Amino acid sequence: MAYNFSDKETYDLIPEGDYEVVLSTAEIRETNDKSKKFISCKYTIRTDVEQASAGRVIFENIWQDRNDPEDFDHKKLQKILLTQGPNGKYIFNNDIDLLIQHINGLNMIIHISKKDADEYHSEAYNEVKYCSHRPSKAQPKTLGGSTPTVSVSANYDFSGDDLPF
């Protein structure tokens, strides 16, 4: 039995514009020769929001910082965090695993643009740009079709032997 892998599957470019997406996967990976690490991000255009190209995916790599190989591109990571609003204060104490855990599953609005072929890409391609300070207005999809609510009771009893101090 012969296998033919010469037919490379091709996709049309995603039209340029703003899209509601979920950062469905972010993980640390290595180049094939294991010489560099990068954060591989997979964005999925949300299907629970009425928009063009729903369900399509776009990928982006966040490379190690050239000046500090133990660190990753701060500007790109900051842009991801800023999609959640300008008032967020995030402290990860150089714990990249904690940061990746935090950004996985974030809803955001990104701008996708088209780029012409260049020295690294043999064909035109899509590029991810972030719309900082524009958090997603659509609620995440929930089971049962409704947004969960949280109620808090103001009647707490702090007396007795239940307290540890």
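Against which elements do the buried residues of α2 pack? In this predicted model, the buried residues of α2 pack against β1, β2 and α1. The residues concerned are Leu99, Ile100 and Ile103. Their directions cover an arc of only 95° around the axis, so they lie on the same side of α2. Asp97 and Gln101, on the other side of α2, are exposed. An α-helix has 3.6 residues a turn, so residues three or four places apart point the same way. At the start of α2, the backbone nitrogen of Asp97 has a side-chain oxygen of Asp95 within 3.2 Å. Just after α2, Gly105 adopts a positive phi of about 90°.

Helix α1 was examined in the same terms. Its buried residues are Leu77, Ile80 and Leu81. These cover an arc of only 95° around the axis, which places them on the same side of α1. The elements packed against by the buried residues of α1 are β1, β2, β3, α2, β4 and β5. At the start of α1, a side-chain oxygen of Asp73 comes to within 3.0 Å of the backbone nitrogen of Lys75.

In soluble globular proteins, nonpolar side chains tend to be buried together. The largest nonpolar core of this model contains 25 residues, of which Leu23, Ile39, Tyr43, Ile80, Ile103, Met108 and Ile110 touch the most other members. At least two residues of this core come from each of β1, β2 (37-45), β3 (57-63), α1 (74-82), α2 (96-103), β4 (107-115) and β5 (125-130). For Ile39, neighbours within four places in sequence being left aside, the contacts are Ala26, Glu27, Ile28, Glu60, Asn61, Ile62, Phe72, Leu77, Ile96 and Ile100. Among these contacts of Ile39 are Leu77 and Ile100; Leu77 is one of the buried residues of α1, and Ile100 is one of the buried residues of α2.

Charged side chains were considered next. The model has 6 salt bridges. One of them joins the side chains of Glu20 and Arg46, with an N to O distance of 3.6 Å. This pair links distant parts of the chain, since Glu20 is in strand β1 and Arg46 in the loop between β2 and β3, 26 residues apart. Both partners are buried by the cut-off of under 20% relative accessible area: Glu20 has a relative accessibility of 12%, and Arg46 has a relative accessible area of 5%. Glu20, Arg46 and Asp48 are linked in a network of salt bridges. Strand β1, which holds Glu20, spans residues 17-30. Apart from neighbours within four places in sequence, Glu20 is in contact with residues including Thr44, Ile45, Val49, Gln51, Met108 and Ser136. Of these, Met108 is also among the core residues that touch the most other members.

A salt bridge also forms between the side chains of Glu60 and Lys76 (3.6 Å, N to O). Glu60 lies in strand β3 and Lys76 in helix α1, so this pair ties together parts that are 16 residues apart in sequence. Glu60 counts as buried at 10% relative accessibility, whereas Lys76 is partly exposed with a relative accessible area of 28%. Glu60 is also one of the residues in contact with Ile39. In a further salt bridge, between Glu30 and Lys34, the closest N and O atoms are 3.7 Å apart. Here Glu30 is partly exposed, at a relative accessible area of 38%, and Lys34 is exposed, at 60%.

Technical notes
Residues are numbered from 1 along each chain as its sequence is written. This is a predicted model: local features need pLDDT of at least 70, side-chain atom pairs count only at pLDDT 80 or more; totals for chains, interfaces and linings use all residues. Side-chain values use heavy atoms; hydrogens and water are left out. Helices (H or I, at least four residues) and strands (E, at least two) are DSSP runs, numbered from the N terminus. Contact means heavy atoms within 4.5 Å. A nonpolar core is a set of buried Ala, Val, Leu, Ile, Met, Phe, Trp, Tyr and Cys residues joined through side-chain atoms within 4.5 Å. Buried means under 20% relative accessible area, exposed over 50%, partly exposed in between (1.4 Å probe, protein chains only). The arc is that of the directions from the helix axis to the C-beta atoms. A polar contact is a pair of N or O atoms within 3.5 Å; within protein, one must be able to donate a hydrogen and the other to accept it, and residues adjacent in sequence count only if both atoms are side-chain atoms. A salt bridge is a side-chain nitrogen of Lys or Arg within 4 Å of a carboxyl oxygen of Asp or Glu.
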